[in-house]
Amino acid sequence: IAKLHQEAKHRALKKLNITKSTSNSLRLLQQKAIFVDGVLINDKNFILKKEENYLLKIGRKCFVKLLIK
């Protein structure tokens with residue numbers, strides 16, 4: 001389970017080593033390849049509530065469980 005603080009999520013994806021770079025994160029957002037709990041994310045400033053668990057899907061094969069504190 002990755003722990004993520006409230007910040008720009010496309011930067012957080014890089015910090016957690018989910019994506020190779022922040023530009024790669026933005027590219028994935030533009031390509032509509034990022035889903036949170038099955039919902040398509042297409043805004044780089046999307047908000048996740050604190051004290052919640054999320055299932056993040058990037059592309060077809062990358063799944064990450066997130067805990068927001």
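What share of the 69 residues in the protein is buried? In this predicted model, buried residues make up 38% of the 69 residues, and the views below take up the overall fold and then several individual sites.

**View 1. Overall fold of the protein, with two helices and five strands.** Read from the N terminus, the elements follow the order β-α-α-β-β-β-β. Among the contacts between residues at least 6 apart in sequence, 34% join residues that are at least 24 apart. The accessible surface of the protein comes to about 4800 Å², and carbon and sulfur atoms account for 50% of that surface.

View 2. Ser 25 counts as buried because its relative accessibility is 0%, where the cut-off for a buried residue is under 20%.

**View 3. The antiparallel pairing of strand 4 with strand 5.** Strand 4, made up of residues 52-58, and strand 5, made up of residues 62-68, run antiparallel and are joined by seven bridges. Within this pairing, Leu 56 stands opposite Val 64, a residue of strand 5. Three residues lie between the two strands of this hairpin, and in the hairpin Gly 59 adopts a positive phi near 70°.

**View 4. Lys 57 over the ring of Phe 35.** Lys 57 is placed over the face of Phe 35, at a distance of 5.5 Å from the ring centre. As for pairs between aromatic rings, a search covering the whole structure finds zero of them, so the view of Phe 35 shows a charge over a ring.

Note on methods:
Residues are numbered from 1 along each chain as its sequence is written. This is a predicted model: local features need pLDDT of at least 70, side-chain atom pairs count only at pLDDT 80 or more; totals for chains, interfaces and linings use all residues. Side-chain values use heavy atoms; hydrogens and water are left out. Helices (H or I, at least four residues) and strands (E, at least two) are DSSP runs, numbered from the N terminus. Buried means under 20% relative accessible area, exposed over 50%, partly exposed in between (1.4 Å probe, protein chains only). Contact means heavy atoms within 4.5 Å. Accessible areas come from the Shrake-Rupley method with a 1.4 Å probe; for residues, only the protein chains shown count as cover. Rings of Phe, Tyr and Trp (its six-membered ring) pair if their centres lie within 6.5 Å; planes under 30 degrees apart count as stacked, over 60 as edge-to-face and the rest as tilted. A charge sits over a ring if NZ of Lys or CZ of Arg is within 6 Å of the ring centre and within 35 degrees of the ring normal. Two strands pair if DSSP finds at least two bridges between them.
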